[in-house]
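Please view the sequence and the model below, then follow the topics in turn.

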Amino acid sequence: MNEPEFPPEHRPVDMYLGLLRTRMDTEDYLQLLDVVQPILRAIEEQRLPELDFALDGERTDGLSQEVRDEAALVIAAAVTGRLDNEVVEINLDETGPVRVITDADTASDPTRLGEIADYIRERHHQNEELRGIAEVSGLPTDF
């Protein structure tokens, strides 16, 4: 049986949610579901471009870092079909710590983590340049 033929409870994301249901406090688990269900539904319906994946903002105010991390891992399992994803915190001088989700091999490879940090630094630099251009041009800067 190949993966698309698995019944829903055998999809990696469903197995991960089952594990979290037994491992997490009930209130935390319900908060997690509240955050991830719309995203999982959008993934299933293949309407990702119209969905904001941010795990910060009004919808997630008051969530513990553990629930945020688990929500990110659930989404990663849904997108990648993998259960070996990990949360890695990369410290950047310009912005402070950044949390990223990556596979276990990358998480344990300092060279790859360095490349990811370099990419994040470059994107941050580009975003700051674009914000400056937008501000000078009188355009919105909240992208």
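The lining of the second largest pocket draws at least two residues from each of β2 (96-103) and α5 (110-137). The model is a predicted one, in which local features need pLDDT of at least 70 and side-chain atom pairs count only at pLDDT 80 or more, while totals for chains, interfaces and linings use all residues. Residues are numbered from 1 along each chain as its sequence is written, and side-chain values use heavy atoms, with hydrogens and water left out.

**Overall architecture**

- The protein contains five helices and two strands, where helices (H or I, at least four residues) and strands (E, at least two) are DSSP runs numbered from the N terminus.
- Read from the N terminus, the order of elements is α-α-α-β-β-α-α.
- Of the 143 residues in the protein, 30% are buried; buried means under 20% relative accessible area, exposed over 50%, and partly exposed in between (1.4 Å probe, protein chains only).
- Among contacts (heavy atoms within 4.5 Å) between residues at least 6 apart in sequence, 40% link residues at least 24 apart.

**The second largest pocket**

- The volume of this pocket is about 250 Å³.
- A pocket is defined on a 1 Å grid over the protein atoms alone as an open set of points where a 1.4 Å probe fits, with protein on both sides within 12 Å along at least five of seven lines; lining residues have an atom within 4 Å of a point.
- Grid points are joined across faces, edges and corners, and a volume is the space filled by probe spheres set on the points.
- Val-98, Arg-99, Val-100, Ile-101, Thr-102, Ile-116, Tyr-119, Ile-120 and Arg-123 form the lining.
- Strand β2 gives the most to this lining, with five residues.
- By class, the lining has six nonpolar, one polar and two charged residues; Ala, Val, Leu, Ile, Met, Phe, Trp, Tyr, Cys and Pro count as nonpolar, Asp, Glu, Lys and Arg as charged, and the others, Gly among them, as polar.

**Packing of α1 against α3**

- The axes of α1 (residues 12-23) and α3 come within 8 Å and cross at roughly 155°; axes are lines fitted to C-alpha atoms, for helices over the stretch in contact, and angles run from 0 to 180 degrees between N-to-C directions.
- The two helices, α1 and α3, are therefore roughly antiparallel, a term for angles over 145 degrees.
- Helix α1 contributes Val-13, Tyr-16, Leu-17, Leu-20 and Arg-23 to the contact, and α3 contributes Glu-70, Leu-73, Val-74, Ala-77 and Ala-78.
- By class, this contact of α1 with α3 has eight nonpolar, no polar and two charged residues.

**Two residues of α3**

- Leu-73 is located in helix α3 (residues 65-80) and counts as buried because its relative accessibility is 12%.
- Setting aside residues up to four places away in sequence, Leu-73 touches Tyr-16, Asn-85, Glu-86, Val-87 and Ile-101.
- Glu-70, also placed in α3, is buried, with a relative accessible area of 9%.
- Beyond its neighbours within four places in sequence, Glu-70 is in contact with Tyr-16, Leu-20, Arg-23, Met-24 and Leu-32.

**An exposed loop residue**

- Ser-108 lies in the loop between α4 (104-107) and α5, and its 57% relative accessibility makes Ser-108 exposed.

Definitions and conventions:
Parallel < 35°, antiparallel > 145°, perpendicular 65-115°, else oblique.
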